[in-house]
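Please consider the following model with its sequence at hand.

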Amino acid sequence: MSAVEEIRSQFPILSRKVGGKPLAYFDNAATSQRPHSVIDLQQAMTVQHNANIHRAVHTLSNEATELYEKGRKAVARFIGAESENNIVFTSGTTASINLVAACFVRGGFLKQGDKVVISYAEHHSNIVPWQLACQTVGASLEVVPVEKDGTVDLQRLEAALTPEVKILAITHVSNILGVVNPIAQITEIAHAKGIPVLIDGAQGIVHRKVDVQAIGCDFYVFSGHKIYAPTGIGVLYGTEEWLEKLPPFMGGGDMVAKVTFAHTTYAEVPLKFEAGTSNITGGACMAPAVEFAQSVLENGEMAENEHLLDGAMRRQLASVEGLTLAAAEAKERIPLYSFTIEGVHPFDAATLLDKMGFALRSGHMCAEPLVDSLSQTGMLRASLMPYNTLEEVERFGEALRRAVSMLR
Amino acid sequence: MTIAELQEEIIDEFSVFGEWLDKYEYIIELGKEMPQIEESCRDDSHLIDGCQSRVWLSCDNEAGRLRFRADSDAIITKGIISLLIKVFDGQTPADILAADLGFLDTIGLKENLSPTRAGGLVAMIERIRRYAADNLV
């Protein structure tokens with residue numbers, strides 16, 4: 001068995017059919033599929049270890065707590081965090097960014113007249129929370145453009161980082177362009193001016209080995225469901241300095257040390273940010289999910305495979321007349337391809353491709369400002385994972401050509 | 001013909017297609033053949049913003065019967081719209097409001113009507129019903 005076949009065999013959903021055709025799942029940037037190791041633990045959390053955590057003294061609660069905290073430790077190891085105390089579990093990337101934005105406001109780190117800097121290639125999740133924060137305090141949002149190759153314009157970025165800027169929030173990899181930003185360099189530029197950096201790692205964490213300490217960022221956020229874990233669990237990595245400094249986000253159980261009606265003291269970081277009953281199953285499942293991701297990222301054969309898939313995908317896309325690939329000149333990209341086809345509406349193409357077994361994303365893909373600048377009608381996006389095969393990509397080319405000939 | 005009869009006619013037409021491909025080729029054909037909406041109606045006031053495809057709809061009341069014209073930038077959406085127009089055009093507001101659109105399910109296009117489907121059709125049907133309600137005597 002090849003490495004790809006071996007990986008693929010661990011994802012039961014990939015053998016299902018759609019409309020009588022074998023499923024080719026190309027919407028991985030929206031959510032990835034789950035391997036047996038994750039599915040099995042997800043089930044075990046229900047049939048074996050279901051209890052609330054951090055509280056009771058009984059066996060089930062101890063087991064659940066241990067598995068949840070094991071998930072946190074696994075995530076810390078996976079991203080090279082200083083310790084598991086730097087890992088806050090949230091419901092996803094969106095929740096992580098909202099947490100930081102809201103706490104910047106509540107803690108007085110973002111005030112009237114201040115600025116937040118983002119890039120043009122952000123997902124709505126890294127735009128709207130900052131708009132809300134800025135509106136609350138009377139701060140403003142500054143947007144730095146991207147270069148033709150899809151990376152953020154470093155000169156314009158540097159110019160935008162004025163003393164009023166209180167945080168730079170930028171994507172590791174754009175969910176539309178698939179281009180990898182030089183986040184270590186970007187962090188260095190911001191830090192030279194004393195500006196903290198939040199990296200949206202929703203796409204980046206899946207396809208690149210991330211070492212938060214090497215990057216030097218203050219926050220790195222991502223979702224579990226894009227990296228083999230279930231939906232509803234996400235990660236906020238923060239430096240000890242920031243996690244200590246920020247006030248709590250939500251109040252409630254599990255985030256407190258001592259409560260009286262007059263005064264409450266809070267639990268230590270990271271529990272300070274995890275009010276209420278967490279997604280215990282999701283947190284636990286982060287362990288097998290990131291272990292799986294790690295084994296793939298460290299597999300040389302898989303790196304070679306990604307390279308082959310990229311070549312094949314580009315050949316297939318180039319075979320369609322009138323097709324324009326976004327950020328085609330990217331120096332470094334993940335296997336994510338957004339494109340437009342002249343005379344073909346993405347909704348129509350996605351509908352026909354679905355009938356042929358191909359799951360693609362179409363539309364604005366939660367990055368309306370960027371997509372609107374590239375197309376009037378939205379785009380199509382094919383995003384691959386290590387379990388996608390050359391054969392699928394070649395079949396995709398045939399299907400796409402067929403759909404286009406029907407629609408023109 | 002009544003709305004129910006027109007729906008039956010469409011169901012008959014679609015019954016010859018065994019393959020999804022033939023069905024969609026026919027829908028695409030219908031989309032391409034659909035008469036253009038007046039250029040002046042392709043504006044924001046006639047726009048029904050679905051998430052992914054835009055739909056324009058105009059409605060005129062001609063002696064108690066509603067005349068619909070529509071357009072979309074997506075051809076499959078347009079084809080399905082032409083089926084809706086066929087069913088609703090020239091009908092009375094009361095008949096439109098009482099209509100059951102079961103035919104879209106019968107001919108296998110139900111997925112286009114799920115509320116999360118991004119094609120704008122659900123919003124379009126709502127707009128047709130609203131026009132009908134507004135014109136109810």
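The points below treat a helix of chain A and then the interface of chain A with chain B. The model is predicted. Helix H2 of chain A spans residues 36–47, and the area buried between chain A and chain B is about 1,600 Å².

**Helix H2 of chain A**

- H2(A) has twelve residues, and its first and last C-alpha atoms lie 16 Å apart, close to the 16 Å expected at 1.5 Å a residue.
- Val38(A), Leu41(A), Ala44(A) and Met45(A) are the buried residues of H2(A).
- Viewed down the axis of H2(A), these buried residues fall within an arc of 125°, so they line one face of the helix.
- In an α-helix, residues three or four places apart point the same way because there are 3.6 residues a turn.
- The exposed residues Thr46(A) and Val47(A) are carried on the face of H2(A) turned away from its buried side.
- The cover over the buried residues of H2(A) includes two helices of chain A, H3 (59–78) and H11 (280–297).

**Interface of chain A and chain B**

- Chain A contributes 16 residues to the contact and chain B contributes 19 residues.
- Carbon and sulfur atoms give 59% of the buried area of about 1,600 Å².
- On the chain A side, Phe347(A), Lys355(A) and Met406(A) lose the most area to chain B, together 39% of what that side buries.
- The two chains have zero salt bridges between them, whereas four residue pairs are in polar contact across the interface, both residues at pLDDT 80 or more.

**Elements on the chain A side**

- Helix H13 (346–355), strand E16 (361–363) and helix H15 (390–407) of chain A each give two or more residues to the side that touches chain B.
- H13(A) supplies the largest share of that side, five residues.

Definitions and conventions:
Residues numbered from 1 in each chain as written. Chains lettered and ligands numbered in written order. Predicted model: local features only at pLDDT ≥ 70, side-chain atom pairs only at ≥ 80, totals over all residues. Heavy atoms only, no water. Helix = DSSP H or I, 4+ residues; strand = E, 2+ residues; numbered from the N terminus. Expected span 1.5 Å × (residues − 1). Buried < 20%, exposed > 50% of the residue type's maximum accessible area, 1.4 Å probe, protein only. Arc of directions from axis to C-beta. Contact = heavy atoms within 4.5 Å. Buried area = accessible area lost by both parts, 1.4 Å probe. Salt bridge = Lys/Arg side-chain N within 4 Å of Asp/Glu carboxyl O. Polar contact = N/O pair within 3.5 Å; in protein donor to acceptor, adjacent residues only side chain to side chain.
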